[in-house]
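This report describes the chains of the structure shown below and the contact between them.

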Amino acid sequence: MFGYVLITLIALSLAGFVLGRQRALAAVSGTAANLHSLPNYHGYFIAAWVGVPALVLVLVWLLFQGSVIDVLLMRSLPADKIAGLSQSELALLISEVKSVAGGAIFGTPAAHVVEAAERYNAWQSIARWAMAAAAIALALVAMLIARARIAKDFRARQGVEHVMDGLMIFCSAIAILTTLGIVTSLAIEAYRFFQLVSPLQFFFGLNWEPQIAIRADQVTAGGAFGAIPVYVGTLLIAFIAMAVATPIGLLSAIYLTEYASPKVRAVVKPLLEILAGIPTVVYGFFAVLVVAPAMRNFGQAIGFDIAPNSALAAGGVMGIMLIPFISSLSDDAIAAVPQSLRDGSYGLGATKSETIISVLLPAALPGIMGGILLAVSRAIGETMIVVMAAGIIASLTLNPFEPVTTVTVQIVTLLIGDTEFDNPKTLAAFALGLVLFLVTLCLNVIALRIVQKYREQYD
Amino acid sequence: MTDVTTSAAVSARHDWASNAAKRRVKSRYAKDRRLQMYGIAAIGFAMILLGILITSLFYAGYVAFSTTKVELGVYLDSKQIDPKTPEKANYRKIVRNAFLGYFPNVKGRKEQRNLLKIISSGAPFILRDYVVDNPDQIGKLVKVQVPVSDPFDQLYKGVIPRQIDALSFDRIDTFEGLRQQGVLSAPDGRTVVKMTVFLDPERVSAGQFSAIANEAFKAFFPQARNTAFVEILGGDAAKRLQAFVEANPDMVGKTAEVSLPISTNYDNLFRTGEAKVRNPRFASDNVFVWFDALVTQDLVSTPFTWELFFNADSRFPELAGLAGAISGSALALLVCFLISFPVGIAGAIYLEEFAPKNRYTDIIEVNINNLAAVPSVVFGLLGLAVFLNVFGLPRSAPIVGGMVLSLMTLPTIIVATRAALKAVPPSIREAALGVGASKHQMVLHHVLPLALPGILTGTIIGLAQALGETAPLLLIGMNAFIPSVENIGIMQPATALPTQIFAWADSPERGFVSRTSAAILVLLGFLAIMNAIAIFLRQRFERKW
């Protein structure tokens, strides 16, 4: 149905274009030069007025049709059948109704389910036809209104450009809408979480065992949501990653900017970029396949027990991922130091290394620090490597040879395969997500500030 | 005045040719070379890691590009297969009988079951598909290549051995300790340990000979922290001790020197230097004989694994393919492109060409910069909370995946588009305005076409990043198990390449290790192609002004 409506709207827009053109030409009896705007603009004007509002209507309709029908369906179910059902059981009932409506019948569904399924199908088709009728009616009305405005002196080009401006502003505002969407959705779900679990426990509790809360009748049904071990694990892995990435990235940036010949640079830089382009799921598999067993074997050889999902393996591989990131940002920062500072240092008789350590690095420090902060924010938010290579159990330890868990691991494990939104287990993921978002946002803002401020110094 | 004299005195004292000064200069240059070496070491380390990463993936993954298949000669009996409804016949039975036909000597249900484990459980479906595609073959003898099951696939490719070490390193260490005490010997093909036992009359009368033997054996391991070493003593040691006591009843209550046999694995280790047992993946030793018979009859071959690209997912590694994942990724990327490309270009044009410099546009710019650095998993949470819960879009569907990915790609495209627009020189704009174009006409007709190669390059790089994204797709459920490629659409449950890799990496079967690596190689191949196209576009079409 959506496809047909779309095709109809496109056809109507095209018709509007032809109509506008013809009417404009007719208004000046075929002499285009007498029109204010080119005849095509009159066509575009009508086409835009026909197509855009109707298309917006269709999209909004489609976005909300499902939820509206669900609510209607829920309301229409006989009260005695849904009395005492929890939210998840209700969701199950709704999905049963939908699968019966879709023709997938297993066994003999209850009478009220069949009835609801018939109602559901009826509403679906009403909604589809209503959408088609509304969209086409809107398009036709818009066409009539727009057509009436076509005249010799009508400023069609400005009209079209106004529409374009509106669309462009909307497109650029999508970034804001996305941020707003992230903040509100995370905040709402986190608020619901904090109604079930006290924020004090969440932020300062030392015990994280959310998986227990799966079933209501279990002994420790509440689960434990003290997220300190999760934060500590995240910071430990991020620290290990930075300990690997910072020296290697910084030293390679120093070598590439100051020592390497252009030829070496032309070869090495793209190779480092390859490291940045490899998807993180690949790094995760690499950690599981190669790094963790190698560390374990090494540990065994020297009589030392290293867990197969140790923080060291996950953090180390994450460090490899961050090398090109730090290297390229430091590279930019060092390269941006003006040549005069270098020349001044050489003029005083300093060697290259003395120039780098005493002049270039201090001058480039803000940029390098900004890069490191951005890398830290990445390390904290990195998901797949830790999901595959780090642990799930939250243990409060700073030992890099033990498995620890991270915020992102918890978010993924809490939400995979489970979409019930009425228990603290799933909502906890959103609370963690909110913390993650705010922390990385702060790091990014600070880092971008530092980088920008520093750039202005030499411009 | 005093200052001058001191500095003059210093410079007078400073002899540049002195040995101390030369040493100082030398050490300063040594420091310089050291820093250089550190840089080279750092780059070398990164390069080595890149090399290890790529080679380990190739090493683990190349085997998955060939599949071990066995040729099955099947007589398609028209009594068993109704030509009108060929898909309904009992192909499990047909395959079973055909394969058992190779080994008429194998009788007994258990033996036959072990034998049938050689071929993949998917063989009946492969035969069914073959017959449905070639109904004219019914009533004839056909030869069909069916994959062997995962352990035999891995065995034939040499990934897993027939036999594995029976003893762990610390067990061997323990045994070495015993060997060094010089009490072991193998006089008649069976290793025995010479030990002193006290024949406690109470225990002898109770028949506790193994307790006696173990007690005495303990003396060899005074430092042992557990009693794992008792497994070294053979199961028949107690019997041998009993026989000794029965032969020498007068020794009861005394200390005697006896030679007791040790268990099979340690016996092998002592006599041959290694202890091996059959790999527990295989049901019996006979399966090797049968499989070798198939190999010597030239029935086994390893053709290229087209299944990897054309099969959907499966629980059996030898049948699992990427068709579902590739189509899911393609659909999600299509949705992502259709949304982010026009929206990104329109947004970038507005910000670069039309937007006034005010607080509103500043907020937008800061937002775009921040969006680029928001962790990908947060976008997954957004998709889950907004697209799935508020809008009620279907779970696991490529349309939701594409929408989430488009939000992540948008900043990349906007930044690339703005850079490309900026690179178009003012002369072009001024010329367009000079001949009477409106600002919109100038941008649309003149600036945008010139900026298009740069925009496309940025878009492809953004899409390549989106192709590798995993976490947001996991959260919106785009890791569904898709065992058939018949039902594909942007509203249908789907999986994507990276989430498929994640799912396979989690699977316990040995065959999935190489399948996962192969899937990663396929993913990296797609990424390489996309980046190559981007580089080609940049070099071929991007103009330097």
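## Overall form of chain B

The radius of gyration is taken over C-alpha atoms, and the globule rule is 2.2 Å times the number of residues to the power 0.38. Chain B has a radius of gyration of 37 Å, whereas a compact globule of 545 residues would be near 24 Å. The C-alpha trace of chain B spans about 125 × 110 × 45 Å along its principal axes.

This is a predicted model, in which local features need pLDDT of at least 70, side-chain atom pairs count only at pLDDT 80 or more, and totals for chains, interfaces and linings use all residues. Residues are numbered from 1 along each chain as its sequence is written, and chains are lettered from A and ligands numbered from 1 in the order in which they are written.

## Domains and secondary structure

Domain bounds come from an automatic or database domain assignment. For chain A this assignment gives domain 1 (2-154) and domain 2 (224-458), with C-alpha centres 47 Å apart. For chain B it gives domain 1 (2-63), domain 2 (69-160 + 300-304), domain 3 (169-278) and domain 4 (323-541). The C-alpha centres of domain 1 and domain 3 of chain B are separated by 63 Å.

Chain B contains 22 helices and eight strands; helices (H or I, at least four residues) and strands (E, at least two) are DSSP runs, numbered from the N terminus.

## Contact between the chains

Two residues are in contact if their C-beta atoms, placed from the backbone, lie within 7 Å. Chain A contributes 75 residues and chain B 68 residues. On the side of chain A, helix H6 (residues 156-196) gives the most, with 20 residues. That side comprises 48 nonpolar, 20 polar and seven charged residues (Ala, Val, Leu, Ile, Met, Phe, Trp, Tyr, Cys and Pro count as nonpolar, Asp, Glu, Lys and Arg as charged, and the others, Gly among them, as polar).

## Helix packing across the contact

Axes are lines fitted to C-alpha atoms, for helices over the stretch in contact, and angles run from 0 to 180 degrees between N-to-C directions. H6(A) and helix H15 (residues 359-373) of chain B pack at about 60 degrees, with axes 9 Å apart. In this contact, residues including Ala173(A) and Ile176(A) of H6(A) meet residues including Ile364(B) and Leu371(B) of H15(B). By class, the contact of H6(A) with H15(B) has seven nonpolar, four polar and no charged residues.

Helix H8 (residues 228-259) of chain A packs against helix H2 (residues 19-61) of chain B at about 120 degrees, with axes 8 Å apart.
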